[in-house]
Each structure stands twice: as C-alpha cells, then as structure tokens.
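Morning, everyone. Please bring up the chain on your screens and keep the sequence next to it.

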Amino acid sequence: MTAPIVPLVGPDDDARALLARFRKAKERRSTWEAHWQECYDYALPLRDGAMQATNPGEKRGDRLFDGTAPDAVDQLAASLLSELTPPWAQWFGLTAGAALDAAEAEQAAQVLDRVGTALQGHFDRSNFAVEMHQCYLDVVTGGTACLLFEEAPPGEPSAFRFTAVPLAQAVLEEGPTGRLDATWRRSELTLAQIGARFPAYSVPDNLARQATDDPEARFAVIEAVIPNPAGTYDYAAVLEQDGADEPLLAQGRFGSSPFINFRWLKAPGEIYGRSPVMKALPDIKTANKVVELVLKNATIAVTGIWQADDDGVLNPANIKLVPGTIIPKAVGSAGLQPLEAPGRFDISQLVLDDMRGRIRHALLVDKLGQPNAPGMTATEVMERSAEMARLLGATFGRLQSELLTPLIMRAVHILRRRGEIPPLLIDGHTVDLQYRSPLAQSQAQRDARNMLTWLGSLAQLGPAGMQAVDAAAAARWLGRAFNVPAELITRADLAPEMAVPANEVSHA
C-alpha cells in the first residue's frame with residue numbers, strides 16, 4: 001500500500017514494541033483459531049485454510065460427506081452481495097443534509113448525484129465485486145472479515161484496488177468506540193516482492209544471499225495500521241526474523257484506514273464476530289456424520305456381511321464378492337452364509353431431512369434464497385423484501401456501520417485527494433450518505449406504498465379530499481423514495497407563472 005513517509009507517533013515507533021503488541025493480539029486470537037478452522041472445514045472447504053497453511057491445487061474437503069452447508073454459505077454470500085452491494089448498480093447516494101435550506105439542497109442535489117455516479121464508476125471498474133464476495137464468504141463462515149482498500153497507481157482504470165485478507169493473516173484490536181480500528185496483517189513474501197512493495201528498503205547481505213540460494217524463499221512481513229490521537233492512522237511494516245533485529249521496512253500515515261474490518265454479530269466482551277455457521281455447526285456436523293453412516297450402510301447393503309466355517313478348505317481371503325463369482329465349497333460344508341444386518345437405516349433419512357432443513361434455516365437460505373415460484377406477484381415480492389429486512393435488520397445495522405460507511409468514506413477520501421470530486425464533507429449535516437441497495441430500500445418502499453394508499457383513499461373523497469395534498473411536494477417525496485435522479489425532478493423554487501397552463505397545452 002502507498003503511504004507518505006512521515007515519522008510514527010506514540011510508542012509504536014519502535015519495531016520491537018510494534019511486534020510485541022502484535023504477538024499479544026495474536027495470542028488473544030488463538031482461542032478462535034480452532035473454531036474457525038472447524039467452520040471452514042465443514043462449510044467452506046475450498047477457501048484457504050483459516051489457520052493452516054495449504055498448498056494450491058491440493059485436495060480439500062476429504063472429510064466432508066454432506067454438501068448442504070457449503071451450498072447454503074454460497075447462497076447466503078451471493079444474497080448479501082446482491083442485496084447490500086449489488087454489482088453494476090448504485091447501492092449508495094449522496095444527498096443534501098438537514099443543515100441546508102430548500103434552495104441550497106436543490107442546488108447541491110445535481111452535484112451530489114454526479115459525485116455518486118463518479119464513485120460508483122470507480123467501484124464498477126475495480127475488482128470490488130470479486131473481493132467483496134470473498135469477504136462475504138468469510139463473514140458468513142468465520143463471523144469476521146477483512147477488506148484491504150488501497151489506492152491504485154495512476155493510469156489504472158479505477159482508482160480503487162481491493163484485497164480480501166484471509167483470517168489467517170489478520171490480527172485485530174477493538175478500540176474504545178467498539179470498532180476494529182487496529183489491524184495487523186502477517187503475510188509471507190519473497191525478497192523480490194518485498195523489494196517491489198517497499199522500494200526504499202535496503203536489503204541486508206544475509207537476506208540477499210538467502211534469496212540467491214533459494215529465489216522462492218519467503219519472509220514474514222508484519223504490516224500494522226493503528227489509530228493515533230490526531231484522528232489519522234499510523235502505518236508501519238516490519239520484517240519478522242527469529243533471533244535477529246527486526247528491520248522497519250516502511251512507515252507512514254493514512255487519513256483513513258485502508259483495512260475495513262466487519263463482523264456478522266458480536267457477543268459482549270469479544271473482539272471477533274460470531275457467524276451463522278457457528279450457530280449451525282452442531283447440525284452441520286450431525287448431518288455430515290449421518291451421511292457418512294448412510295454411505296457405510298449402503299456399502300454393507302450392496303456387498304453384504306458373510307460368515308463361513310473354517311473347515312480348512314474354504315479361504316475367505318481369496319473370495320471376491322462381485323457379480324458372476326463362483327465360490328467353491330467342500331461337499332457337505334455350509335460355505336458362505338449371509339449375516340443379517342442388526343438394524344435398518346430407514347430413520348436416517350428423516351434425521352437427515354431435519355438436519356438439512358435446520359441448516360438452511362440457520363443460514364437464511366429459505367428466506368434469502370431464490371424462490372421456487374417464478375410467477376410471484378408484486379405483493380409477494382414486497383412481503384418477501386419485508387421479511388428479508390426483518391431477518392437481517394440487526395445484521396444490516398452492523399454491516400452498515402462497520403462496512404458500508406467506512407467503505408464510502410475511504411472512497412471519498414481517495415477521490416477527493418486526487419481532485420476528481422469536490423472537497424465535500426459527509427457529516428450528516430451538510431452532506432448525508434444514503435443507502436440504496438435492495439435491502440436498504442425495503443423500508444422506503446413500504447413508506448411509498450403507504451403514501452400511495454393514502455393518496456388513493458383521498459382520491460375517493462373527491463376534489464375536497466385532494467385539496468389536502470401538496471401534489472408537487474408529494475411527487476418530490478416519492479421521487480426521493482424511489483431514488484429518482486435529481487435532474488429529473490423540477491426545482492421547488494420554480495415560479496408558478498413559469499409553468500405552462502393546462503389550457504395552453506390543450507389548445508396546442
């Protein structure tokens with residue numbers, strides 16, 4: 001990541017102090033590691049191991065017999081991507097705050113629309129959708145996800161560059177406000193990668209000789225982003241070496257943290273989040289075991305269990321139970337006799353159906369997944385959106401606070417520094433941030449439906465009832481509820497005499 005080189009402030013200016021703080025934070029994380037690994041083994045085996053180093057291309061999921069949980073995790077992550085941050089759709093907008101009067105708000109509306117369009121264009125041209133989907137997989141499985149939001153070099157199609165940081169690399173600390181604002185990332189890089197990432201670092205002779213002997217040798221690099229009292233974030237990168245002085249690779253300062261850490265839900269007193277997979281893990285393990293036993297029972301049902309008298313003539317080790325086999329036996333001997341199974345596994349399907357249903361319910365597949373009825377009415381679609389908003393209400397509030405708001409703030413900070421957008425300040429007073437994703441708009445759609453129902457009721461009262469409605473204000477309110485661009489809505493200060501009279505329209 002690119003950062004201006006300035007001295008660090010506080011006690012973390014020293015590399016040893018920085019690494020000591022990192023090791024303490026990593027020690028506090030150690031209680032979560034076994035739990036994370038188990039969740040990934042059963043629910044997301046194709047993702048890099050949560051805590052164990054894996055080799056690219058190796059087999060994964062050998063212990064997995066039931067695919068209900070991995071399928072449900074994929075569907076939930078895809079639903080979050082389409083409901084919170086849909087690709088190629090503007091899922092946020094900038095609006096005038098309450099501190100501006102009507103004339104100022106109307107004047108700022110079109111400028112803010114253009115700023116929102118510029119932000120969305122950079123998101124669409126970047127790798128945001130790909131990396132964001134990986135983060136949704138992590139937050140659904142492990143309960144915590146880390147997204148690295150960097151500024152791309154000049155000349156790239158987008159000013160944004162994203163990286164989904166695996167949980168194995170992220171070590172987090174919670175600040176006094178409850179946010180995960182202190183982040184360490186431990187990654188292993190070759191010496192060539194270290195030189196490309198930190199060009200100002202002078203490689204010592206011992207590391208150069210080691211890289212000459214083994215060009216693929218990797219070295220552990222600890223990157224830290226820590227908030228300071230000035231309201232900015234200090235950055236430092238340290239080369240971790242056992243039994244040697246840890247050199248400081250780079251240091252700098254960010255106006256906003258490039259690491260965006262967010263959680264599914266959080267238990268009191270805990271730093272890392274809890275996931276729906278953790279809640280469903282007993283059912284996932286039970287379903288996996290039931291399928292394993294069913295497969296073993298199916299093998300027994302196909303091949304059978306046999307017994308034979310040891311009469312010195314029959315050798316069971318030389319017998320293969322395949323179709324068409326002729327098994328010799330001595331005259332008068334019993335030969336092979338099938339052994340009846342002690343029980344039947346008919347009840348296993350009932351248990352398995354119950355486990356799978358509970359897994360899908362815990363991972364919201366029955367609510368957020370693709371409906372089986374393609375011909376849904378508008379009312380059914382509205383009710384389905386309301387049900388989604390009810391189920392994800394608390395989770396959406398946390399994701400909005402820990403993911404969406406920092407994401408937009410970081411994007412505005414980058415484009416404002418590059419001079420691509422005006423120097424606006426999103427403080428909720430002059431400029432406000434509005435979420436326009438399908439999940440965020442479910443409440444606005446209900447309000448608009450109530451508004452239209454009220455207008456329909458007034459229309460039945462005749463002209464006297466409609467006199468209680470400011471039609472122009474109602475139209476502008478509905479336009480905002482349905483996210484109509486500001487350039488399509490007439491200004492509120494348009495003089496009545498400038499409007500074309502209805503009789504002139506009829507004569508024309």
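Some ground rules. This is a predicted model, where local features need pLDDT of at least 70, side-chain atom pairs count only at pLDDT 80 or more, and totals for chains, interfaces and linings use all residues. Residues are numbered from 1 along each chain as its sequence is written, and side-chain values use heavy atoms, with hydrogens and water left out.

Confidence. pLDDT is the predictor's confidence in each residue, from 0 to 100. The mean pLDDT of the protein chain is 81, and 77% of its residues reach 70 or more. Two stretches need care. Residues 2-12 have pLDDT below 50, yet beyond near neighbours in sequence this stretch has 29 contacts in the model. A contact means heavy atoms within 4.5 Å. Residues 494-508 are also below 50 in pLDDT, and that stretch has 1 contact beyond near neighbours in sequence.

Overall make-up. The protein chain comes to 15 helices and 12 strands. Helices (H or I, at least four residues) and strands (E, at least two) are DSSP runs, numbered from the N terminus. Of the 508 residues, 42% are buried. Buried means under 20% relative accessible area, exposed over 50%, and partly exposed in between, with a 1.4 Å probe and protein chains only. Take the contacts between residues at least 6 apart in sequence: 70% of them join residues at least 24 apart.

Now the sheets. Strands of a sheet pair through backbone hydrogen bonds, either parallel or antiparallel. Here, two strands pair if DSSP finds at least two bridges between them.

Strand β2 (residues 144-151) pairs with β3 over 6 bridges. In that pairing, Glu150 stands opposite Arg161. Remember Glu150.

Next, a strand pair. Strand β1 (residues 92-96) runs antiparallel to β12 over 5 bridges. Phe92 has Tyr435 as its bridge partner. Which side chains of β12 are buried? In β12 (residues 431-435), Val431, Leu433 and Tyr435 point to one face and are buried.

Salt bridges. There are 24 in the structure. A salt bridge is a side-chain nitrogen of Lys or Arg within 4 Å of a carboxyl oxygen of Asp or Glu.

Start in helix α1 (residues 15-43). Glu33 and Arg29 sit there, 4 residues apart, about one turn of the helix. Their closest N and O atoms are 3.0 Å apart. Both residues are buried.

Back to Glu150. Its salt bridge partner is Arg197, with the closest N and O atoms 3.7 Å apart. This pair links distant parts of the chain: Arg197 is in helix α5 (residues 191-197), Glu150 is in strand β2, and they are 47 residues apart. Is Glu150 buried or exposed? Glu150 counts as buried because its relative accessibility is 5%. Arg197, at 29%, is partly exposed.

Helix α8 (residues 346-362) holds Arg358 and Asp354, also 4 residues apart. Their closest N and O atoms are 3.7 Å apart. Arg358 is partly exposed at 43%, and Asp354 is partly exposed at 40%. There is also a network: shared partners join Glu174, Arg263, Lys266, Arg398 and Glu402.

Last, the cores. A nonpolar core is a set of buried Ala, Val, Leu, Ile, Met, Phe, Trp, Tyr and Cys residues joined through side-chain atoms within 4.5 Å. The largest has 113 residues, and Phe160 and Trp184 touch the most other members. Helix α1 gives the most to this core, with 11 residues. Leaving aside neighbours within four places in sequence, the contacts of Trp184 include Leu18, Phe22, Ala25 and Ile222. A second, separate core of 8 residues includes Ala448, Val469, Ala474 and Ala481.
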